[in-house]
Amino acid sequence: MDFSFTTDQQDLIDAAKDFFDGENTFERMRSIVKGQKVESLWPQFVELGLLGVMAHEKDGGMGQPLVLMAAIAEAAGYSGLPDPFIEVAGITVPLSASPEKLISGSSQLAVLSELRKYIDHNLGDGTAVKSIDPLRNLVKVEGTCDQSDKANYHGAVLSAAQLIGLSQRMVDISVDYAKDRHQFSKPIGSFQAIKHHLANVYTQIEFTRPIIQLAAIKGGINVHSAKVSAIDTAMMAAETAIQVHGGMGYTYEVDLHLFMKRVWALCGEWGDRNYHMKKIEEYVLQGDAKLGPGNTFN
Amino acid sequence: MNIEFTSNQKEFREEIRTWLSAHVPKKRLRSFDTAEGFEQHRNWERVLAKDNWGNVNWPEEYGGRGLDLISWLIFEEEYYRSDAPLRVSQNGISLLAPTIMEYGTEEQKTRFLPPMASGEEIWAQAWSEPGAGSDMAAIRTKAVKDGDHYIITGQKTWSSRAVFADWCFALVRTEDGSSRHKGLSKILVPLNSNGLTRRPIAQLDGDPGFAELFFDEVRVPVKNLLGPEHGGWGVAMSTAGFERGLLLRSPARFQSAAARLVKLYKSREKYLSSGIGEKVIQAWVDTERFCAATYQLVSRVEKGASISSESSANKLFWSEMDRQLHRTAMTIMGAQAELEEGLDSIDNGRWLDGYMFSLAGPIYAGTNEIQRNILAERVLGLPR
């Protein structure tokens with residue numbers, strides 16, 4: 001029993017995080033919002049081997065487990081990365097029998113699922129739909145879905161992980177804002193009302209990340225617990241962040257809205273709260289599952 | 001990451017499960033906040049200690065089994081699964097013992113840990129004062145050195161278990177003229193000392209779970225100083241870390257309550273409004289989250305990480321989860337929620353007891369408001 005990453009794994013996660021934060025800057029996202037053309041990050045995903053994190057080593061991948069991908073998804077969420085990298089690297093690649101083309105960047109594809117109505121326009125065909133998230137360019141999927149429990153499992157875990165990354169980012173930018181913004185001749189972050197709001201969000205994040213990791217390793221009911229917890233945490237983080245930003249949070253003048261809107265989007269993707277809550281209800285209230293101490297890791 | 005238990009850990013789980021099923025009292029003990037219940041619980045500590053089950057993660061020489069914290073979590077899981085009695089020794093074993101192991105002299109370890117493990121000496125905490133609650137650095141109780149003794153004068157309060165306990169660990173001002181965090185020391189004091197008066201305080205349930213302690217020139221040998229003289233704040237903060245964090249509240253306690261809550265819900269489902277089911281589920285999900293987070297924290301501690309401000313998030317999470325869980329139970333019980341025992345009471349008032357106790361969680365071990373300040377300032381970096 002060792003429920004923590006190895007040093008090598010942590011190094012890989014840190015490298016991915018540095019890359020996302022370094023490349024997907026506020027400037028890049030603002031340019032996309034303004035409709036300006038930006039450099040695709042895909043060649044760099046290929047060069048760094050990041051698309052093959054979960055692929056078998058024999059296919060040129062790193063052979064890493066979903067739990068590591070979840071940590072990378074958290075980092076991607078933190079940066080607000082709009083590119084459908086997590087989709088391809090965390091779902092399409094591990095479900096593909098021959099992922100070489102995906103890893104080499106010559107193909108980009110989404111796995112279709114009944115749990116996802118809209119996909120990035122680069123990943124498949126469909127009719128354009130308009131998301132409130134100005135960084136999401138989506139199409140409505142037409143045709144049959146590849147019924148895939150594994151895709152749904154990966155999708156739920158990785159969307160939950162991105163939600164936690166987004167939550168942490170919204171806390172961090174709110175802290176920065178609260179240190180900078182002065183009222184009554186003091187930074188507003190020195191007031192307990194602000195402190196306590198943000199401490200509550202921090203606490204929820206800290207107690208959601210581990211269940212996401214458990215879901216990534218063990219699957220099962222934990223997947224539903226993880227997604228519900230991530231949704232609740234992220235919505236709370238978004239609402240707290242806008243409150244801390246005050247009127248500025250309600251505008252395009254600050255970048256908060258980019259992260260908040262991504263939260264709204266990911267809450268409904270790969271199973272919304274109702275879907276996952278019903279699964280837990282079937283398990284806990286209607287089933288004859290073993291509940292109580294000693295069952296979580298057994 | 002590897003979330004499999006080793007074969008040794010699995011055997012350990014079987015072993016403790018077998019032992020508990022043979023030894024846990026069939027009849028629930030009375031509350032340890034009554035004189036009779038206190039002695040019943042002390043006896044239970046003796047039973048645990050006789051077969052070395054009281055403190056599995058302590059070194060063997062002091063009455064433990066020298067096992068790691070994962071084994072301690074397994075022990076806790078089986079302990080709460082078996083519905084064994086609450087630990088009357090918890091202030092000693094969870095809060096003081098880790099501090100003695102970190103700061104105590106060899107002589108202090110040998111003197112205090114074995115009788116703590118065996119239940120012969122039960123400990124109470126003596127930190128808060130009428131004027132030093134959340135603002136603990138406002139402590140005024142003084143200890144003046146007189147040869148090889150300290151002479152302690154002052155007043156402590158909210159001292160849990162102190163009405164019936166044997167010893168207390170006090171935080172007092174040893175440096176004359178010092179203020180705030182400086183000049184404090186931690187001193188171990190027998191509760192039957194001359195000049196020490198205990199005034200029981202009835203808690204919400206009517207039982208004297210707290211005492212107020214009046215020190216009137218109480219003489220204590222200097223060798224009862226724990227850690228550096230005048231350096232008591234640092235020593236106390238290490239205890240507070242244990243208290244808010246890992247050792248006081250393992251997930252098993254709450255997971256066991258969540259499983260009972262599901263049963264309670266199922267037994268009364270047809271009377272309940274549609275929203276209650278979701279609250280029950282939320283309670284279960286939250287206890288699973290707490291469990292996953294605790295295993296992760298323990299894994300990091302076993303690799304050498306230290307716990308600091310994280311313990312504040314821990315305390316916020318479990319105390320609010322516990323209150324919500326028990327409030328849901330109160331809602332489910334409806335008109336029967338007020339019944340303590342006897343006719344029509346559910347589980348002899350156990351949920352009511354649990355709810356009352358859950359209301360203390362956000363207050364003791366540093367109020368949740370203090371924890372939020374700690375997180376905001378020390379973790380998030382917001383200005384003071």
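**Close-up views of a predicted two-chain model**

**View 1. A salt bridge joins the two domains of chain A.** In this predicted model, the side chains of A:R209 and A:E74 come together in a salt bridge, 3.0 Å from N to O. Two salt bridges are counted between domain 1 of chain A and domain 2 of chain A. Alongside them, the rule finds seven residue pairs in polar contact across this interface, both partners at pLDDT 80 or more.

**View 2. Helices of domain 1 line the side of chain A's domain contact.** Here α2 (26-33), α4 (66-79) and α5 (85-95) of chain A each supply at least two residues of the side of domain 1 that touches domain 2 of chain A. The largest share, nine residues, comes from α4(A). Sorted by class, that side holds 16 nonpolar, four polar and four charged residues.

**View 3. Domain 1 (7-108) and domain 2 (149-286) of chain A, seen together.** Their centres, taken over C-alpha atoms, are separated by 21 Å. In contact are 24 residues of domain 1 of chain A and 27 residues of domain 2 of chain A. The two domains bury about 2100 Å² between them, with 68% of it on carbon and sulfur atoms. On the domain 1 side, A:L66, A:E74 and A:Y78 lose the most area to domain 2 of chain A, together 30% of what that side buries.

**View 4. A:S167 sits within helix α7 (residues 149-180) of chain A.** Leaving aside residues up to four places away in sequence, A:S167 touches A:I205, A:T233, A:A234 and A:A237.

**View 5. Chain B meets chain A.** The contact takes 52 residues from chain B and 52 residues from chain A. About 4800 Å² is buried between the chains, and carbon and sulfur atoms give 67% of that area. B:M1, B:I3 and B:R289 supply 17% of the area that chain B buries against chain A, more than any other three residues.

View 6. The rule finds three salt bridges across the interface of chain B and chain A. A salt bridge also brings together the side chains of A:D2 and B:K303, at 3.2 Å from N to O. On the side of chain B that touches chain A, α8(B) gives the most, with 17 residues. By class, that side has 27 nonpolar, eleven polar and 14 charged residues.

Methods:
Residues are numbered from 1 along each chain as its sequence is written. Chains are lettered from A and ligands numbered from 1 in the order in which they are written. This is a predicted model: local features need pLDDT of at least 70, side-chain atom pairs count only at pLDDT 80 or more; totals for chains, interfaces and linings use all residues. Side-chain values use heavy atoms; hydrogens and water are left out. Contact means heavy atoms within 4.5 Å. Buried area is the accessible area (1.4 Å probe) that two parts lose on being put together, summed over both. A salt bridge is a side-chain nitrogen of Lys or Arg within 4 Å of a carboxyl oxygen of Asp or Glu. Helices (H or I, at least four residues) and strands (E, at least two) are DSSP runs, numbered from the N terminus. Ala, Val, Leu, Ile, Met, Phe, Trp, Tyr, Cys and Pro count as nonpolar, Asp, Glu, Lys and Arg as charged, and the others, Gly among them, as polar. Domain bounds come from an automatic or database domain assignment. A polar contact is a pair of N or O atoms within 3.5 Å; within protein, one must be able to donate a hydrogen and the other to accept it, and residues adjacent in sequence count only if both atoms are side-chain atoms.
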